[in-house]
Amino acid sequence: MLRESTRTPDSARFRKVILAGDYWVDLVRKGEHFRIVDLEGNQAADTLLFSAADPADRYSFVDTLRAQRNVFLSVGSRLLSTAGNMLAEIVADTVGRHDTLGGACSTESNTVRYSLDKRTMHACRDSFVLALVEHDQFGLTKRDLTHNINFFMNVPVTAEGGLEFADGLSGPGKYVELCAAMDIIVLISNCPQLNNPCNAYNPTPLEILIWGP
Amino acid sequence: MSSEAIFHEALIEGGKHWSLTVRSGVVLRLVDVKGGANVGMLFYNPCNLLERYNAPDTLKCQHTFKLTQGHCLYSDMGRIFCSIIADSVGWHDTVGGDSTKALVAQRWGEKSYQSHRNGWTQNGHDSFLVEGGKYGLSRRDLAANVNWFSKVSVDEGGAMTFDSSNSAAGAYVDLRFEMDTLVLLHTCPHPMDPAAEYPRAPVSIQLSKAARATNDDLCRNSHPENMRGFVNTELYRQCTCDGV
């Protein structure tokens, strides 16, 4: 479902461009809106959410999908935690569909998916690990890295149980906007993947904007 | 299929939990004794509990949403915990997640241990916390689990549907372990099961020894990705405490 936001960039309290291969991690307060913009199109924003008060209670794709009885995320999707609490809700979306089945790339999964000699290529889970080590005030480690959302990715499921990696529905300037339902830690890796045609082998920047409640 | 006799068999009643460490080279057969079973399962590396089953990695590298014969179950480190070497069902779920205390209470009503003894209504989430806790695991270590014998299909619009008729009495699936693996399991209901009464389907677990996967092995060759997964796993097995 498509819905544009009424918020304008000039009223945002925070704006930051995340370059491909970089991460962003920060606290977003209850009631704040945060937007992820796909600046050049078909980029993947690998995203994890944690309850700031209880980080062991974190985004759970299985609970989120089961509650909405649908495998795609879009406007109205309530992003649930393992304990069934709402972390955030998608309130605007100019793409229409986002993936949360495909997980994040890692150097280890790259060896399986592409070639053993890809083992040293940069990957989202390396960015996640670095983010947590460099921001140890959050008390998170590799142990807390669970299954993520891939904003702007399109991964349809066939009736026969196949999984496809289809051309993205995103494009330059398209965005998704979430409203935090509690104080949350947001961790985003701007995917550095160079082996996948979904981004035309060309990872590009994302922008984060945050508005106060 | 298993090449040797069963060395251990355990019957797990419906709505219960268990855990065990399984050596590489062991085949674990799950049998849906009466039909309609669900077995929630999670996998960890006993030498490094931070290495755990990763459903998205498993699905995307084999371009599948369901699990069945020929598929391998991957850790987050690019290694294979186990391979599905035989399956009489055809579709097992790893996206439906787990039942919780709140879900069981809302769907079927909570039956306490005080009032119902062994007939209490346990849930999958708490079952994993109990079994995982025995090895030092906690909420932070949980991951998306497998639901053996359960089917959740998806239509073009993304809608998810649970199939109550997926597994019949006598159905089985054989898991050949490719590395030493800590297995947490429960027989609590699938969270999307629409049954009117709390489902209690018993499952038989049969352990036997298998020959190591050969070069023409079905699971190794079902996807080029799995050939590389086997190389990663073999490297690990030859270099670590897991060596056999």
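Residues are numbered from 1 along each chain as its sequence is written, with chains lettered from A and ligands numbered from 1 in the order in which they are written. Because this is a predicted model, local features need pLDDT of at least 70 and side-chain atom pairs count only at pLDDT 80 or more, while totals for chains, interfaces and linings use all residues; side-chain values use heavy atoms, leaving out hydrogens and water.

**Stop 1: the interface**

Colour chain A and chain B separately and select the residues in contact (heavy atoms within 4.5 Å). You will pick up 49 residues from chain B and 45 residues from chain A. The size of an interface is often given as the accessible area lost when the parts come together. Here chain B and chain A bury about 3,800 Å² between them, 53% of it on carbon and sulfur atoms; buried area is the accessible area (1.4 Å probe) that two parts lose on being put together, summed over both.

Between the chains, 30 residue pairs are in polar contact, both residues at pLDDT 80 or more. The term covers a pair of N or O atoms within 3.5 Å; within protein, one must be able to donate a hydrogen and the other to accept it, and residues adjacent in sequence count only if both atoms are side-chain atoms.

Which elements of chain B each supply at least two residues to the side that touches chain A? Select strand E5 (48-52), helix H1 (55-61) and helix H6 (224-239) of chain B. H1(B) gives the most, with six residues. Helices (H or I, at least four residues) and strands (E, at least two) are DSSP runs, numbered from the N terminus. By class, this side of chain B has 22 nonpolar, 13 polar and 14 charged residues, where Ala, Val, Leu, Ile, Met, Phe, Trp, Tyr, Cys and Pro count as nonpolar, Asp, Glu, Lys and Arg as charged, and the others, Gly among them, as polar.

**Stop 2: salt bridges across the chains**

There are five salt bridges between chain B and chain A, each a side-chain nitrogen of Lys or Arg within 4 Å of a carboxyl oxygen of Asp or Glu. Select B:Asp76 and A:Lys142, one such pair, at 2.6 Å from N to O. Then go to A:Asp54 and B:Arg139, where the closest N and O atoms are 2.9 Å apart. A:Asp54 sits in the loop between strand E4 (45-51) and helix H1 (61-68) of chain A, and B:Arg139 in the loop between helix H4 (124-133) and strand E8 (146-148) of chain B. A:Asp54 is partly exposed at 27% relative accessible area, and B:Arg139 is partly exposed at 37%. Buried means under 20% relative accessible area, exposed over 50%, and partly exposed in between (1.4 Å probe, protein chains only).

**Stop 3: salt bridges within a chain**

Over all chains the structure holds 21 salt bridges. Select B:Lys134 and B:Glu131, joined at 3.1 Å from N to O. B:Lys134 is exposed at 54% relative accessibility, whereas B:Glu131 is buried at 2%. In chain A, show A:Arg7, A:Arg35 and A:Glu177 together, as they are linked in a network of salt bridges.

**Stop 4: aromatic rings**

The whole structure contains six aromatic pairs over all chains. Rings of Phe, Tyr and Trp (its six-membered ring) pair if their centres lie within 6.5 Å; planes under 30 degrees apart count as stacked, over 60 as edge-to-face and the rest as tilted. Select A:Phe14 and A:Trp24: the centres are 5.8 Å apart and the planes at 40°, so the pair is tilted. A:Phe14 is in strand E1 and A:Trp24 in strand E2 of chain A.

Next, B:Trp108 and B:Tyr198 make an edge-to-face pair, 5.8 Å centre to centre with 90° between the planes. Both are buried. Finish with B:Phe43, B:Tyr53, B:Phe81 and B:Phe177, which form one aromatic cluster.

**Stop 5: helix H1 of chain A**

Why is H1(A) described as largely enclosed by the rest of the structure? Six of its eight residues are buried, so the description follows from that count. Among the buried residues are A:Phe61, A:Val62 and A:Leu65. Show their cover, which includes strand E5 (78-80) of chain A together with H1, H2 and strand E10 (160-162) of chain B.
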